[in-house]
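Open the model in your viewer and keep the selection tool at hand. Each stop below says what to pick next.

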Amino acid sequence: MTDSATRLGGRTGLYADRVSRTAGGALVLDGVTIAPRPGTLTGLLGPNGSGKSTLLRVLAGVLAPDAGLVTLDGDPLSGVPRRVLARRLAVVEQHADTQVDLTVADVVRLGRIPHRRAWAPATAADEEAVRTALARTGLTDRAHRTWRTLSGGERQRVQIARALAQDPRDLLLDEPTNHLDIQHQLDLLALVSSLDLTCVMALHDLNLAAMYCAHVVVLHEGRVVAAGPVADVLTEQLIRDVYGVRAAVTFPGPDDRPHVRFLGTAPSGS
């Protein structure tokens, strides 16, 4: 990939350059540029309908942009072989289901498929990756339970384990804390932020983003309206402009991470 990387500016990792995407005649993404920093957690913020899920699908290669370009290590994503992409990049969707009666361990083993030849049995390395992923997500004691018996939060943790078993370098997560209680939200975000991976995570909770994300990108009506270190981006004015609410942003700890206290809906036109 060296020649392509040089041709496209030597970029490493995922990069979206002025991508746009329409759906049902509506412009969902409008000239979005995003360059996640390697090895860090980038929070993707914005109200419902701002384009977060669509952008993640474009970054994953599930959707093609109508305009603009997504690259991986400088190569157009559309030209990266699917098997290579599957080894490199893992995706955790908001919702996952299966009609097959799989166990938790079976679901996590699906993450190893890109690393095996067709019909080849699991190797010792595959099984070790599965065990490690189960342990890191606190699911070892549930390995033999069936998918159908799990709660929504447990299913989400299984999907995280599957992604970790995939051993990716890039991880895209779409609202992974939606079905989790507070303890498991914190556990999950602590885990993701500790990974030596390039992670992009869509989140609704601004305080969780402030606690765990190194950088954030804020979408509004399909456009990037702010991007940068979380302490610089999450301002009272931005929250008012993007979310339509009044908030007090303070820095109560020694680590310069903001805390958002919501004060109510902002008056229309303010």
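**The sheet.** Start with the six strands ordered β6-β7-β8-β3-β9-β10. They form an open sheet with mixed pairing. Bear in mind that this is a predicted model. Now colour the two edges: β6 (89–92) and β10 (223–229). Each of these strands pairs on one side only.

Select residues 170–174 and 198–202, which are strands β7 and β8. Their pairing is parallel and runs over five bridges. Then pick D174 and find what faces it: A202 in β8 stands opposite.

**Helix α2.** Next, show α2, which packs on the sheet. It touches β3 (41–45), β6, β7, β8 and β9 (215–220). The direction of α2 makes about 155° with that of β7. Select residues 52–60 to see the whole helix. How many of its nine residues are buried? Eight are, so the helix counts as mostly covered. The buried ones are K52, S53, T54, L55, L56, V58, L59 and A60. Step past the end of α2 to G61. Its phi is positive, near 85°.

**Helix α6.** Move to α6, which lies across β6 and β7. This helix runs at about 175° to β6. Within α6, pick Q156. Is Q156 buried or exposed? Its relative accessibility is 4%, so Q156 counts as buried, the cut-off being under 20%. Show what surrounds this side chain's residue: Q156 is in contact with V92, E93, Q94, E175, P176 and L180, leaving aside neighbours within four places in sequence.

**The cores.** Now turn to the nonpolar residues. In soluble globular proteins, nonpolar side chains tend to be buried together. The largest nonpolar core here has 53 residues. Select L45, V108, V158, L171 and L173, which touch the most other members. Helix α6 (residues 152–165) gives this core its largest share, six residues. A second, separate core holds 23 residues, including L55, L56, V80 and L89.

**Last stop.** Centre the view on V108. Which residues does V108 touch, not counting those up to four places away in sequence? They are V130, A133, L134, V158, A161, R162 and A165.

Conventions:
Residues numbered from 1 in each chain as written. Predicted model: local features only at pLDDT ≥ 70, side-chain atom pairs only at ≥ 80, totals over all residues. Heavy atoms only, no water. Buried < 20%, exposed > 50% of the residue type's maximum accessible area, 1.4 Å probe, protein only. Helix = DSSP H or I, 4+ residues; strand = E, 2+ residues; numbered from the N terminus. Core = buried A, V, L, I, M, F, W, Y, C linked by side-chain atoms within 4.5 Å. Contact = heavy atoms within 4.5 Å. Pairing = 2+ DSSP bridges. Axes fitted to C-alpha atoms, helices over the stretch in contact; angles between N-to-C directions.
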